Amino acid sequence: MRHLLASAALLAAAPAFAERFEVSAPVRAATLYPQGASVTREIGLDLPAGSHELIVTGLPAGTQPAGLRISAENAVIGAVNLQHDRALPDTAPEQEAVEAAQAEVHRLEFSLRQRDARVEAIRAEVTTARDVIDFLKELATSDGASSGDVSSLADTVSARILQARTDAIDAETRAQEAEQGREAEARLLEQARARLAALRQPPQPEAALVIAVEGQGAPATIRISSSEAQASWSPVYDLRLDTQAETLTLQRGVLVSQATGEDWSDVSLTLSTARPSQRATPSEISPWIVSIFDPEQSFAADLPGARMEMMQDGAAVMAEAAPAPAARTEFLGATAVYRYDSPVNLRDGVDSLRLNLDQKQLPLLDLVAEAVPSSDSTAYLVVDSENSLDEVILPGQATLYSDGAMVGQRQLDLTAAGDEMKLGFGAIDGIVLERIMPDRQGGDRGLIRRSSALTETAILSAENLTNRNYTLRMTDQVPVSEQEDLKVEWTASVDPTEVAPDGKRGVLVWEMPLVSGEKQEITLETSMRWPEGMVLIE
């Protein structure tokens, strides 16, 4: 079916099409976003001078006209018509191809039947030979056999049985030889049937472009850009710590996937952190209207006249506040664009294809044994670093390696350039932690509890059973009071290096050397006092 390419007036003024070209437009470049993609298709052909019609077939069924952009070199683009059915009815599978596939199926079926018939005929010889043997054995033991020449009969029966057994062995051998190759022939038949079924199936849904183009008598290049929703990419990382060299390496990669309905082959791939699938405008704030009422009166009666109108006006404003979603470009710190060096093959529907991006060195500012005796029985190896790159580190899954061994996985947060990073690299089993309360009474949290006071003593310890020296970073806490009448005081046998890090009230941090074979202890005493008659809630 021919589709109109322009209005009736335009058709009347335009020259007749000199030639119609049916072409395919494979994806040659793609820019992937965290959700969605922009793809560019390219057509190269010798286009004679004059007006022509291009039929671009094989586009995904979900292609949307609003996202199409078409440009040309050595040609002028006219009207464009997007069809969501097959562009040309005569592009259905040719009857000759179907007939040839059907003939191949029939040939293989006939060949397989002939092979099976030959095998059955040979096995019939085996069965006949065994029947002869059974008959001869029965004849040799019959009453008639005993009345004649026994010796002569025995010789005859023996010779016949030997010949029958030889015939059976020969027939079995020939049957096995005839069966060789049957499985391969049966597979060929299955494949031929599958090809025939594929040719007989109706074409898959697809879209096509009908483009009016003015050729200039020179080789032309036509590019078609479109938006695809079913594509995405996400970052993935390997963090490798070398404790001997004291280096921290960030290996960056990406997971890409697409389900657009077609395979992408030899595509130039660009990755962008922009998010064009989201809206472009910020939210709006509506007037915040408040009111009071006398609880002893009816609420409805307290809203007569003007006050009821005020509430209705407020509701009307609220209803106007929610803007309709629109597309927008959103930045994570700053838009980062990654161009992959080599062409990529990305099949439709593949869950994720991992591509390596680059490798960067991060500064190793400190390497410590992080200890939280109140929660853990062992310390953890922690690296203090920072994002020394000129761009943000995007959120993504990271696999952690320490001295070549994988020690775990974690989610990396969005980290702007210059921001600090604290990364854990697994447990240090040789550093044993304890938090004991030597005089703690059963059922009570602390050492001494009176009606208006509580005193608690805790001993924090870390023992290094490894053959390596560490910097120990031990963390604990003391209660925090937000009431003037509740007094909290604490003392420590070793002054903490930091109090309330990152604004975490009541958190205490000690940093100290932890030599191999040695033990560090800190005694922490806390006291709380409150007025008589009041109850402490912990």
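**Note on the predicted protein chain**

1. The protein chain has an accessible surface of about 31600 Å², and carbon and sulfur atoms hold 50% of that surface. Accessible areas come from the Shrake-Rupley method with a 1.4 Å probe, and for residues only the protein chains shown count as cover.

2. This is a predicted model, in which local features need pLDDT of at least 70 and side-chain atom pairs count only at pLDDT 80 or more, while totals for chains, interfaces and linings use all residues. Residues are numbered from 1 along each chain as its sequence is written, and side-chain values use heavy atoms, with hydrogens and water left out.

3. Six helices and 26 strands occur in the protein chain. Both are DSSP runs numbered from the N terminus: helices are H or I with at least four residues, strands are E with at least two.

4. Of the 538 residues in the protein chain, 34% are buried. Buried means under 20% relative accessible area, exposed over 50%, and partly exposed in between (1.4 Å probe, protein chains only).

5. Taking contacts between residues at least 6 apart in sequence, 77% join residues at least 24 apart. A contact means heavy atoms within 4.5 Å.

6. Thr457 sits in strand β21 (residues 453-464). Thr457 counts as buried because its relative accessible area is 18%. Leaving out residues up to four places away in sequence, Thr457 touches Ile436, Met437, Pro438, Thr523, Leu524 and Glu525.

7. Asp502 belongs to the loop between β24 (498-499) and β25 (507-514). With a relative accessible area of 75%, Asp502 is exposed.
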